[in-house]
Amino acid sequence: MVKICCIGAGYVGGPTMAVIALKCPEVEVVVVDIAAPRINAWNSDHLPIYEPGLDDVVKQCRGKNLFFSTDVEKHVAEADIVFVSVNTPTKTQGLGAGKAADLTYWESAARMIADVSKTDKIVVEKSTVPVKTAEAIERILTHNRKGINFTILSNPEFLAEGTAIADLFKPDRVLIGGRETPEGQKAIHALRDVYAHWVPLDRILCTNLWSAELSKLAANAFLAQRISSVNAMSALCEATGADVSQVSHSIGTDSRIGPKFLNASVGFGGSCFQKDILNLVYICECNGLPEVANYWKQVIKVNDYQKNRFVNRVVSSMFNTVSGKKIAVLGFAFKKDTGDTRETPAIDVCKGLLGDKAKLSIYDPQVSEDQIMRDLAMKKFDWDHPAHLQPLSPTSNKQVSVVWDAYEAIKDAHGICIMTEWDEFKNLDYQKVHDSMQKPAFVFDGRNVVDVNKLREIGFIVYSIGKPLDSWLKDMPAVA
Ligand code: UDX
Ligand code: UDX
Ligand code: ADP
């Protein structure tokens, strides 16, 4: 029986290992983590992450060939294949601060593997790391090895949150990078055999180590670049009277461009895009390629511009001040079907509105009050460090309340900001909503979910990213 151990029971490690266990009944999979509350949650009826379909997969395998444990060293020692899926925050201090990846957690995991191993192992990089990390890890392992062979592979994960299970069941591709040595090739084949239980062989791509590592950063950079491109267009659409949805549809029908990932929004969020691009930028700078670094930096600049633009639009529309006004914030997660708030644009928008002294009433069907308060108190880049290093929620923040119902958030509000495209926001009773608000009643749709014409008929003043402006908004001062 092949034994797999995954270090890190997070958004990537948890779902990926659950699916491997489901598809490979003869493989024993143990997911380990130093965070006991996380492991306890994986062993309970309330999994630590919300992901459609995940409960079902975990229920089918847990206790059979899928286990969650805090006994990290024991399970690493027993495994043939060790996946490493620990967090890789952006450095906040020292060399490369604000750009480079902080590999502290990775390095400590690698040293621990070297310490406890008594048999040969394949060590798989699963978390996104800078190019050439494998080389550094290989050095740590081989300098401490005591006659044991470690073979390192890079097997980046491409799942997206909210669709993780579907993505894992039917991936566009699985990428495995390894050394071009006989041992490297043997390890690639061993890992390929695991995925071949359910992924067609022509979708399992095998490359060298550096190509696999770089492909992951490049894929996320390209995806984010599409969103910044369409978001840049959305600003031009608002200025000219074009409709960004029509433009997206028109360009997406060109098979060279393709229709997916062209939805204009208040900005992209999530744990990967910004972090991976910053990392890419840093790697380019370190390799003497400032022009390439500047090209990719622009993707993040446009994303920040889009969030600022949204806040400015809200404030300028409402007579240039939101001071003391109640604003309902609908949705806080970085996209629908997840409770994840890492790098969500809602944080920057809320902070911007709070800076103008608005009173916020926030509702998200999957995000807790505690999480929202923590996010609003946190400094940039601190989210990827353990909870005990994060600030406690401010207990007396009178400017922010978190409620468990959209109508409650909206009652008596001057404006609504839609931050996440949850389906329920499409189907609210907008007449009832209008009746319960202060007038004029504003809707600022950061996700293009509402029917703009219908809402205008009801009497709302509506702003929707990249859509032709309401005459009201046209008369307001230009937005930078
Ligand atoms: C382009 C558009 O494709 C077409 O839809 C529009 O109507 C006119 O402009 P064209 O300039 O004729 O057409 O050729 P195209 O095939 O798009 O190539 C443009 C340039 O990009 C060429 O120099 C080509 O060599 C280069 N290119 C194209 C690349 O360097 N790499 C690629 O992957 C594709
Ligand atoms: C992303 C990649 O898609 C995935 O392959 C990689 O493994 C991890 O990073 P994820 O961050 O989970 O996945 O979600 P994704 O669906 O890519 O969305 C990222 C952000 O872009 C979200 O905030 C989303 O709302 C936004 N987005 C996405 C848009 O604004 N417009 C779009 O058209 C698509
Ligand atoms: P991702 O989104 O990449 O899955 P997460 O932050 O959700 O990232 O998960 C990473 C997990 O790795 C966390 O639960 C963290 O406790 C765990 N972790 C970090 N370092 C170690 C380590 N040395 N040993 C075991 N677990 C670790």
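Me: Is the crossing of H9 and H10 left-handed or right-handed?

Reply: The crossing of H9 and H10 is right-handed: the near helix is turned clockwise from the far one by less than a right angle. Helices are DSSP runs of H or I, at least four residues, numbered from the N terminus. This is a predicted model, in which local features need pLDDT of at least 70 and side-chain atom pairs pLDDT 80 or more, while totals for chains, interfaces and linings use all residues. Residues are numbered from 1 along each chain as written, chains are lettered from A and ligands numbered from 1 in written order, and side-chain values use heavy atoms, without hydrogens and water.

Me: At what angle do the axes of H9 and H10 cross?

Reply: Two packed helices are described by the angle and the distance between their axes. Here H9 (residues 209-240) and H10 (residues 244-252) cross at roughly 135°, and their axes come within 9 Å.

Me: Which residues make the contact?

Reply: Val230, Ser234 and Cys237 of H9 meet Val244, Val247 and Ser248 of H10 (contact: heavy atoms within 4.5 Å).

Me: Which residues come nearest to ligand 2?

Reply: Of 20 residues around ligand 2, the nearest are Phe158, Glu161, Ser265, Lys335 and Arg447 (around: a heavy atom within 4 Å). A polar side-chain atom of Ser265 lies 2.6 Å from an oxygen atom of ligand 2. For Phe334, a backbone N or O atom lies 2.8 Å from an oxygen atom of ligand 2.

How values were computed:
Axes are lines fitted to C-alpha atoms, for helices over the stretch in contact, and angles run from 0 to 180 degrees between N-to-C directions. Helices (H or I, at least four residues) and strands (E, at least two) are DSSP runs, numbered from the N terminus. A polar contact is a pair of N or O atoms within 3.5 Å; within protein, one must be able to donate a hydrogen and the other to accept it, and residues adjacent in sequence count only if both atoms are side-chain atoms.
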